[in-house]
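Biologist: I would like to learn how to read a structure. Please take me through it feature by feature.

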Amino acid sequence: MTTQLVTFEIDGATYGVPVGLVQETLGHQPRTFVPLAQPGVAGLVNLRGQVVLTLDLRPMLGLEPLAADAEAMMVVVKVDGEAVSLLVDAVGEVLDVDDATYEAVPDTLGAAMRALVVGVHKLDGRLLLLLDVVAALALQPAEERAS
Amino acid sequence: MEGIDEIVREFLIESTENLDQLDQDLVALESDPGSRELLGSIFRTIHTIKGTSGFLAFHALESVTHVGESLLVELRGGERQMDQPTTDVLLEMVDTVRAILARIDESGTEDGVETAGVVARIQRMLDGTPEPDAAEPDIPEPDAAEPDIAEPDAAAGADDPAGPAPDAAPVEGTAPAERTTPAERTAPAEEPASGAETAPATPVAGASRVTPRRRTAKRAAVAAAQAPAPQDATAPQDAPAATATGAPAATGAPAAAATAAPAAAAQAPAPQAAQAPAEPQRPASPGAVRAGTAETSIRVDVELLDELMRQVGELVIVRNQIAQSTGQDTDPELLRSAQRLSTIATELQEGVMKTRMQPIEHVWSKMPRVVRDLANGAGKQVELEMVGGETELDRSLLEAVKDPLTHLVRNAVDHGLETPEQREAAGKTRAGHLTMRAYHAGGQVVVEVRDDGRGIDPEKVAAKALQRGLRTVEQLDAMSVTELQSLVFLPGFSTAETVTNVSGRGVGMDVVRANLEEIGGQVDVESEVGVGTVWRLQIPLTLAIMPALTVVSGTEIYAIPQVSLLELVALDTARTAGSIEHVGASEVYRLRGELLPLVRLSDVLRTPASEGSSMVIAVLRADNQRFGLVVDRVLNTEEIVVKPLASQLRAAATYAGATLMGNGRVALILDVQAIARRALLADLVEPAGTVQQTLAQSQSSRDLLVVALDETRRAGIPLDAVTRLEQIDPARIELAGHREVLRYRGSILPVLRLSSVLGGAPAGDGPLDVVVFTRGSRSVAMVVGAIVEIVADASDERRPADTHGVTELVSLGGRVTEVVDLPVVLGAADPDYFSDPLAAADGDVDAELLMAVAS
């Protein structure tokens with residue numbers, strides 16, 4: 001059995017989400033800043049007439065958030081009928097990964113990533129982290145989940 | 001099976017609509033008992049429901065409508081006059097029918113709704129009159145009583161002759177139901193079972209009852225359907241005699257009726273063939289009207305309309321975009337096309353919005369019933385007038401104003417209008433007038449609920465607000481009558497147990513206000529004591545597209561709903577520095593001589609304040625308060641399309657939604673009410689900020705309650721020790737030994753007069769301002785000259801005091817104020833006040849204060 005994953009990079013690591021959840025990938029779009037929003041909310045974008053929430057996963061992965069004007073690419077995922085866009089450094093290819101390469105996350109993984117990464121695919125020369133999209137959209141910053 | 005479900009659904013929708021009409025008609029009929037038109041309409045509705053329920057095998061429903069119909073026939077025939085008991089029982093029938101319909105809607109079956117009671121009551125009413133036909137001793141059950149009109153439509157026959165219908169539903173033959181079904185379907189415009197013709201009687205006991213011809217003559221045709229039901233054997237008293245009339249409700253489609261009739265006849269052993277052909281003609285006339293309506297209107301799924309609305313929203317945005325980019329375009333051809341597109345888009349938008357519009361009558365139709373029941377219960381006479389029921393509102397909004405409106409009407413009847421005796425004594429007509437009026441004004445729909453009752457007494461409202469700790473004496477003194485009356489909208493102003501004897505108004509008015517605000521509307525009240533009260537609801541026409549003001553703050557564009565906007569004040573660079581003044585830490589602006597509290601949008605949003613050289617004050621209205629929202633720049637007013645916000649952003653509670661600008665950027669729509677409430681929180685929660693000019697206190701400084709000792713001297717009391725402010729009648733202070741005490745909230749408090757410790761004029765005759773201190777289980781009531789205000793003690797001018805009972809002197813608002821040494825002063829009233837070990841933490845006092853104020 002193989003699974004098709006859309007891959008992207010955040011801070012040098014490669015992540016993947018099932019292709020069925022991904023609506024599209026986009027280049028940089030101007031974002032409208034949302035004051036008073038939770039950490040991880042990177043703004044709102046106009047996606048062909050729909051107002052779509054944009055998330056920056058970095059705070060949830062325990063990383064420094066992107067600057068408000070950073071020009072990031074977007075992976076638009078659709079969960080429960082609602083489209084949400086994730087900011088990524090670069091969008092990679094769509095990969096067919098074999099279930100045989102799958103492994104659970106190592107016990108040493110930090111709590112922040114453990115909550116968002118469900119498993120790892122061992123690819124040639126690199127690791128592909130499988131992202132839990134639903135957990136990511138719940139928007140709990142890393143430190144809250146840790147506590 | 002699906003076909004049946006569809007039929008049931010249609011039946012439910014149609015019947016529910018009809019029931020609303022029925023309520024209205026019945027109440028109207030009570031005051032106009034002779035109206036054949038109303039009776040006819042009521043009869044048709046009930047008959048239709050009955051027919052269809054039989055057809056769909058809802059036996060309980062059928063039995064209820066059946067007896068109701070019997071009663072209506074007597075009314076229609078003139079054998080019975082409409083009076084209150086009759087109306088009561090008929091309304092009860094309508095309620096029961098509604099309950100059954102709701103049950104069917106919920107569960108698909110009619111089980112579980114109690115019907116025997118109402119059936120029996122109607123039956124008793126029928127029996128109560130000397131009806132020769134009714135004297136069938138052996139058949140005490142409902143339909144037996146009025147046999148000549150008992151009419152289970154053959155077409156509506158039950159599938160199962162042994163079917164339930166415990167209260168003696170008419171039982172019909174099996175065949176007609178099935179056979180009629182296709183026939184009915186061929187005539188979709190009519191109520192399925194209306195055909196109502198009749199399977200003539202099987203020669204059972206009941207058959208004879210079919211014979212009376214008096215009424216047969218009146219109605220076009222009567223045919224008897226006699227059920228050879230198994231019940232006959234087991235429970236003879238149930239033996240349903242059934243006469244089926246082709247009642248007027250047999251709308252339209254004579255063809256259907258004709259087909260149905262033979263079908264039924266074929267099954268019945270003693271066909272009264274002559275009646276069947278006669279049948280269709282009568283129904284045709286009322287049916288013709290309905291058929292006309294059916295041809296020009298169709299039912300459309302609401303979801304489809306919502307989807308259309310959404311797409312029109314998209315079109316409006318594209319239109320805005322094109323309008324923006326063609327502004328500079330020189331190609332006249334393109335310009336013309338763009339203008340044409342703009343016009344079409346506007347028209348389309350209006351058209352689609354219209355499809356979602358429903359007259360407010362839909363909500364009003366329930367009011368006559370509500371008013372009648374309430375008035376009867378309270379022993380009042382109320383004349384209800386409804387004007388402008390055709391005014392239309394978006395259906396979602398209509399749904400949202402239903403409860404608030406009902407609440408206001410109830411309130412008006414319950415509390416606003418007086419009893420006939422009181423009214424007479426006041427020189428008014430015995431019957432109170434209640435007027436509901438709807439009209440368009442300023443792009444909104446205004447709905448008024450006006451009564452000519454006793455009005456809202458501002459004095460009583462003020463007393464109530466003071467008693468509940470919502471406002472201080474000083475604040476109340478500063479308020480206009482309208483402002484006082486508007487206090488009824490405060491959360492916690494009214495609770496059911498006390499409100500009636502205070503203001504007579506205001507039960508849950510905060511809920512009414514909250515409901516209105518949720519849909520971007522507002523509510524206010526105008527009242528004159530002894531003359532009456534007007535509640536005015538302002539409701540936006542639609543939620544999906546609204547006019548808004550777009551403004552810039554920092555780097556982003558925000559939209560402010562036009563509904564909240566009163567005016568704009570532009571401040572230029574040169575004047576800005578001087579024109580914004582400060583009260584404590586709060587900024588205010590003198591707008592035509594009155595102080596307008598200012599809220600900077602950048603502060604609300606916690607974004608960096610801009611260094612810009614100009615600013616604009618958007619004067620906004622929220623909850624009867626005005627405030628100025630300071631923004632950098634105003635862009636435009638435009639129609640914006642409201643997009644819902646992602647759930648992750650709702651926690652911020654600052655935005656009402658998002659929208660797309662002409663340039664494609666997303667802009668947030670500000671929730672003005674939420675911002676006002678948060679920014680003016682000090683005003684709402686603490687008595688602290690509520691002296692008119694003092695809006696928000698800086699948290700760093702200590703707050704002092706300033707009281708007057710006499711004309712010239714002022715004293716300051718640290719606010720954190722204060723539990724409550726009261727105004728009491730001097731007579732309430734009693735003597736115990738040589739000490740003054742006050743019974744207060746279930747305990748006896750030592751009374752201390754501040755003037756006796758610090759000197760100053762003794763109190764006059766008027767009400768006394770009292771400051772209550774509570775620490776642990778001990779409380780002291782301190783009588784002060786007058787409560788002046790609460791201010792932040794941020795003064796630099798201060799010196800220690802050498803007077804007994806005073807810790808220091810500070811300059812507040814340009815006057816020297818003596819800060820009270822509480823341990824000394826309170827110790828004079830209760831030596832153990834500060835030494836008593838505390839059970840509760842100190843913080844509890846504050847919490848209690850706030851809760852008392854906020855509750």
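Biologist: Which residues does A:Val88 touch, not counting residues up to four places away in sequence?

Modeller: First, the ground rules. This is a predicted model, where local features need pLDDT of at least 70, side-chain atom pairs count only at pLDDT 80 or more, and totals for chains, interfaces and linings use all residues. Residues are numbered from 1 along each chain as its sequence is written, while chains are lettered from A and ligands numbered from 1 in the order in which they are written. Now contact: two residues are in contact if their C-beta atoms, placed from the backbone, lie within 7 Å. By that rule A:Val88 touches A:Phe8, A:Glu9, A:Ile10, A:Ala72, A:Met73 and A:Val75.

Biologist: Is A:Val88 buried or exposed?

Modeller: Count neighbours. A residue is buried if 20 or more other C-beta atoms lie within 10 Å of its own, exposed if 12 or fewer, and partly exposed in between; the C-beta atoms are placed from the backbone. A:Val88 has 20 C-beta neighbours inside 10 Å, so it counts as buried. It lies in strand β7 (residues 82-88) of chain A. Helices (H or I, at least four residues) and strands (E, at least two) are DSSP runs, numbered from the N terminus.

Biologist: How do I read strand pairing?

Modeller: Two strands pair if DSSP finds at least two bridges between them. Take β11 (residues 126-131) of chain A. Its pairing with β2 (residues 13-18) of chain A is parallel, over three bridges. There, A:Gly16 stands opposite A:Leu130. With β10 (residues 117-123) of chain A, β11(A) runs antiparallel, and six bridges join them. Here A:Val117 has A:Leu131 as its bridge partner.

Biologist: What do β10(A) and β11(A) form?

Modeller: A hairpin, with two residues between the strands. In the turn, A:Gly125 has a positive phi of about 80°.

Biologist: In what order do the six strands of the open sheet in chain B stand?

Modeller: The order is β23-β27-β28-β26-β25-β24, and the pairing is mixed. β23 (722-728) and β24 (733-736) of chain B are at the edges with a single partner strand each, so one side of each has no neighbour in the sheet. From one strand to the next, the twist averages 35°. Angles run from 0 to 180 degrees between N-to-C directions, and axes are lines fitted to C-alpha atoms, for helices over the stretch in contact. β23(B) pairs with β27 (residues 768-775) of chain B in the antiparallel sense over six bridges. B:Val722 stands opposite B:Phe773 there.

Biologist: Which helix lies across β26, β27 and β28 of chain B?

Modeller: Helix α28 (residues 822-829) of chain B, running at about 120° to β26(B).

Biologist: How do I find the buried side of a helix?

Modeller: An α-helix has 3.6 residues a turn, so residues three or four places apart point the same way. Now look at helix α5 (residues 116-127) of chain B. Its buried residues are B:Val118, B:Val119, B:Ile122, B:Gln123, B:Met125 and B:Leu126. They cover an arc of only 160° around the axis, which puts them on the same side of α5(B). That arc is taken from the directions from the helix axis to the C-beta atoms.

Biologist: Which exposed residues does the face turned away from the buried side of α5(B) carry?

Modeller: B:Gly117 and B:Arg124.

Biologist: How many residues does each chain bring to the contact between chain A and chain B?

Modeller: Chain A brings 17 residues and chain B brings 20 residues. On the chain A side, β4(A) gives the most, with four residues.

Terms used: Expected span 1.5 Å × (residues − 1).
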